[in-house]
Amino acid sequence: TEHSKVRWSWSFLSDGSTVSIDADAILNLTHSDNDFVNGLVLDGVPQANGVYDSLNSGGLIIGSGKIVVFAGGLNRWTGAAADLSWATEGNWNIPLVPDSDQHTANFEFDAPAAETTITLDGSKTVGTLNFDDTSDPADGDLKFVAGGLDSLSTLTANTVTVADADRTVTIQTGNPIPMILTKNGPGALVIKDDTTTRGGDLLVN
């Protein structure tokens with residue numbers, strides 16, 4: 001069977017693009033990078049957020065490169081790495097650390113009953129922080145602290161959602177509040193800023 005082949009030697013796609021590969025086509029990624037896209041369709045089937053390469057694409061992608069589907073800028077914390085650092089790619093479900101006001105960091109995971117502390121290791125900004133796991137009331141509280149590589153790290157978000165009424169999320173870093181912060185959900189959000197005071201609006205829904 002003759003296949004239509006496209007060969008890419010570098011990662012160049014826009015993050016908002018969609019890649020569609022038909023059943024009789026092959027995409028050869030000869031680079032060794034991650035190419036982030038908004039959508040991937042394999043043989044007519046849209047794929048979920050995740051990493052796709054020669055091992056899990058049914059032979060439609062070959063080579064050493066990877067296509068990373070990052071639809072909606074959504075990245076989910078897994079805490080798979082031992083260091084519990086925001087800056088470690090291995091703690092997220094795709095190999096991209098959320099650090100843009102276009103990104104959503106989703107902390108829907110089975111936290112231990114005791115409080116979990118996550119260090120920033122460098123200042124981070126996201127558009128939305130979601131803590132939306134209401135399936136397990138035994139999940140413990142979460143705390144974000146400056147530390148590790150940068151003791152002056154900050155965590156800034158425009159919207160914070162704490163869906164679990166029994167959960168408390170504490171952001172204990174320098175100056176974490178944007179000019180307008182919207183807090184959603186019945187859970188508790190505690191902001192501790194020992195370094196500066198910044199004026200702005202707080203919207204509680």
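Student: In which sense do E2 and strand E5 pair, and over how many bridges?

Tutor: E2 and strand E5 (residues 39-42) pair in the parallel sense, over four bridges. Strands here are DSSP runs of E, at least two residues long, numbered from the N terminus, and two strands pair if DSSP finds at least two bridges between them. This is a predicted model, in which local features need pLDDT of at least 70, side-chain atom pairs count only at pLDDT 80 or more, and totals for chains, interfaces and linings use all residues. Residues are numbered from 1 along each chain as its sequence is written, and side-chain values use heavy atoms, with hydrogens and water left out.

Student: Which residue is the bridge partner of isoleucine 21 in E5?

Tutor: Leucine 42 is the partner of isoleucine 21.

Student: What sheet do these strands belong to?

Tutor: An open sheet of three strands in the order E2-E5-E6, with mixed pairing. Strand E2 (18-21) and E6 are at the edges with a single partner strand each, so one side of each has no neighbour in the sheet.

Student: What about the sheet with E12 in it, what is the order there?

Tutor: That open sheet has four strands, ordered E12-E14-E16-E18, and the pairing is parallel. Strand E12 (116-119) and strand E18 (188-192) are its edge strands, each pairing on one side only. From one strand to the next, the twist averages 15°, taken between lines fitted to C-alpha atoms, with angles from 0 to 180 degrees between N-to-C directions.

Student: How many bridges join strand E14 to strand E16?

Tutor: Four bridges join E14 (residues 142-145) to E16 (residues 168-172). In E16, glutamine 172 is the bridge partner of valine 145.

Student: Change of topic. How many salt bridges does a search of the whole structure find?

Tutor: One. Aspartate 53 pairs with lysine 66, and their closest N and O atoms are 2.8 Å apart; the criterion is a side-chain nitrogen of Lys or Arg within 4 Å of a carboxyl oxygen of Asp or Glu. The two residues are 13 apart in the chain, with aspartate 53 in the loop between strand E7 (50-52) and strand E8 (61-63), and lysine 66 in strand E9 (residues 66-69).

Student: Is aspartate 53 buried or exposed?

Tutor: Aspartate 53 is buried, at a relative accessible area of 10%, whereas lysine 66 is partly exposed at 30%. Buried means under 20% relative accessible area, exposed over 50%, and partly exposed in between, using a 1.4 Å probe and protein chains only. Across the protein chain, 43% of the 205 residues are buried.

Student: And where does proline 98 lie?

Tutor: In the loop between strand E10 (74-76) and strand E11 (100-106). Proline 98 counts as buried because its relative accessibility is 0%. Beyond four places in sequence, its contacts (heavy atoms within 4.5 Å) include Trp86, Trp92 and His103. Asparagine 75 is 23 residues from proline 98 in sequence, with a C-alpha to C-alpha separation of 6.8 Å.

Student: What is the mean pLDDT of the protein chain?

Tutor: The mean is 79, and 78% of the residues reach 70 or more; pLDDT is the predictor's confidence in each residue, from 0 to 100.

Student: Which element has the lowest mean pLDDT?

Tutor: Strand E19 (residues 201-204), at 51, while strand E6 (residues 45-46) has the highest, at 96. Over residues 195-202, pLDDT stays under 50. Where pLDDT is low, the predicted coordinates should not be read in detail.
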